[in-house]
Amino acid sequence: MARWIAGLDGCRGAWAGVLIDLDDPARWRCARFARVADLLDGPEAPVIAGIDVPIGLPDRVLGGGRSADRAARAFLGPGRSSVFPVPPRPAVQAASYDEAKALSRTHSEPPFAPSIQCWNILRYVREVDGLLRERPSLRARLHEVHPEVAFFRLNGERPLAAGKKGPARAAGLAERRSLLAIAGLPEALILSEPPPKVAADDHLDAMAALVVARDLALGRAEPLPKAIERDSYGLPIVIWAPARPRA
């Protein structure tokens, strides 16, 4: 019987998804999903999925962000992290950007407001938060990851040489493909074309999430932080990192 796992990354109002059979890695599929539930309820019904979206929202944020965000920044090192501070739950649920800024300042210490870039991706956070609150059984299958954390770990906990956007984009994407190969993903998957309306970097980030999902399924992924908090709905506040590559 197949054991499918999956990786998900947000892309232009939808989700870049990659699935693979844990017991037969020659079987894999890539697709763009309108909703996270479409993947989880799909024909493969993955047992574990890694997703690049915050899970677990504090009602009040203290000290510059969730414990998972602070742990991820410490793991990546000073000045090298793009892990943004997740606003408190009331701000995430706000109906407008102005309301989100006001609620975030009210429910954080020291007070902070989300950037417009953060606000633009909060729709993904609301989707996943609502899904896991409405369907608690999915909490054992869907887990928060961060591609930057995954690639940093796969690179021997060293910064990558090139970014995935900008002038060095081609080199950055090639570097990430090499790391995914070291992690053991099939070459055909790594070199596959992104699904329609999915950018190349989102496609590779979904594969990084897939690597973490595999290590979660095998019991070797590592939590950031090690002491996992939970929000008022019982959702875990943790970012999962892949296992260290074998020498």
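A residue counts as buried when its relative accessible area is under 20%, as exposed when over 50%, and as partly exposed in between. The legends below describe a predicted model.

View 1. A disulfide calls for two cysteine sulfur atoms within 2.5 Å. For cysteine 30 the closest cysteine sulfur is that of cysteine 11, and because it lies 12 Å away, it is too far for a bond. Seen from cysteine 11, the closest cysteine sulfur is in cysteine 30, again 12 Å away and too far for a bond. The disulfide count is zero.

**View 2. Five strands form an open sheet with mixed pairing.** The strand order is E3-E2-E1-E4-E7. Strand E3 (24-33) and strand E7 (142-144) are the edge strands, each pairing on one side only. From one strand to the next the twist averages 20 degrees. Helix H5 (residues 116-134) packs on this sheet and touches E1, E2, strand E4 (48-51) and E7. The direction of H5 makes about 55 degrees with that of E2.

**View 3. Strands E1 and E2 run antiparallel.** Strand E1 covers residues 4-11 and strand E2 residues 14-21, and eight bridges join them. Leucine 8 has glycine 17 of E2 as its bridge partner.

**View 4. The largest nonpolar core has 35 residues.** The members that touch the most other members are Ile5, Val18, Leu180, Leu185, Leu189, Met207 and Leu210. Two or more residues each come from E1, E2, helix H6 (147-154), helix H7 (169-182), helix H8 (187-190), helix H9 (200-217) and strand E9 (236-241). H9 gives the largest share, eleven residues.

**View 5. The surroundings of valine 18.** With neighbours within four places in sequence left aside, valine 18 is in contact with Ile5, Ala6 and Gly7, and also with Arg29 and Cys30.

**View 6. Helix H6 is largely enclosed by the rest of the structure.** Seven of its eight residues are buried, which is why H6 is described as enclosed. The buried residues are Pro147, Val149, Ala150, Phe151, Phe152, Arg153 and Leu154. Their cover includes E1, helix H2 (67-76), H7, H9, strand E8 (222-230) and E9. After H6 comes glycine 156, with a positive phi near 75 degrees.

**View 7. Aspartate 202 is a buried residue of helix H9.** The relative accessible area of aspartate 202 is 14%. Beyond its neighbours within four places in sequence, aspartate 202 is in contact with Asp9, Gly10, Cys11 and Ala16. Aspartate 202 and proline 147 are 55 residues apart in sequence, with a C-alpha to C-alpha separation of 9.6 Å. Proline 147 is among the buried residues of H6.

Terms used: Residues are numbered from 1 along each chain as its sequence is written. This is a predicted model: local features need pLDDT of at least 70, side-chain atom pairs count only at pLDDT 80 or more; totals for chains, interfaces and linings use all residues. Side-chain values use heavy atoms; hydrogens and water are left out. Two strands pair if DSSP finds at least two bridges between them. Helices (H or I, at least four residues) and strands (E, at least two) are DSSP runs, numbered from the N terminus. Axes are lines fitted to C-alpha atoms, for helices over the stretch in contact, and angles run from 0 to 180 degrees between N-to-C directions. Contact means heavy atoms within 4.5 Å. A nonpolar core is a set of buried Ala, Val, Leu, Ile, Met, Phe, Trp, Tyr and Cys residues joined through side-chain atoms within 4.5 Å. Buried means under 20% relative accessible area, exposed over 50%, partly exposed in between (1.4 Å probe, protein chains only).
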